[in-house]
Amino acid sequence: MKKTDIKGLSLDELKAQVIAERTNSQNLKFAHSISPLENPLKIKESRKQIARLNTEIRNREIALNSQNAK
């Protein structure tokens, strides 16, 4: 998912996407511990995707709080 795709999502969709990505990340870690993944970099990409989503959520919360403070 690209940055422009992430910015197009609503706050609820972002939170749902974080939950889905965390589940995916856990599944990848479990699968990798049982038998090596074909591409272990998927775990790293999953972590980065979670960070991107959380960053966007936090940016929106900050923007909302700054608007309410005015």
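**Terms first.** I call a residue buried when its relative accessible area is under 20%, exposed when over 50%, and partly exposed in between, using a 1.4 Å probe and protein chains only. By that rule, S46 at 2% relative accessibility counts as buried.

**What I am looking at.** This is a predicted model, so I kept in mind that local features need pLDDT of at least 70 and side-chain atom pairs pLDDT 80 or more, while totals for chains, interfaces and linings use all residues. Residues are numbered from 1 along each chain as its sequence is written, and side-chain values use heavy atoms, with hydrogens and water left out.

**Overall layout.** I looked up the secondary structure and found 3 helices and 0 strands. Here helices (H or I, at least four residues) and strands (E, at least two) are DSSP runs numbered from the N terminus. Along the sequence the pattern reads α-α-α. The radius of gyration is 15 Å, well over the 11 Å that the globule rule gives for 70 residues, so the chain is more spread out than a compact globule. That radius is taken over C-alpha atoms, and the rule is 2.2 Å times the number of residues to the power 0.38. I also noted the box filled by the C-alpha atoms, roughly 55 × 20 × 15 Å along the principal axes. Buried residues make up 20% of the 70 in the chain.

**Helix α3.** I then listed the buried residues in α3: I43, S46, Q49, I50, L53, E56 and I57. Their cover includes α1 (3–7) and α2 (11–34).

**A closer look at S46.** This residue lies in α3. Which residues does S46 touch, leaving out those up to four places away in sequence? I found E21, N24, S25 and L28, where contact means heavy atoms within 4.5 Å.

**And at H32.** I moved to α2, where H32 is found. At 33% relative accessibility, H32 counts as partly exposed. Beyond residues up to four places away in sequence, H32 touches L37, P40 and I43. The C-alpha atoms of H32 and I43 are separated by 8.9 Å, with the two residues 11 apart along the chain.
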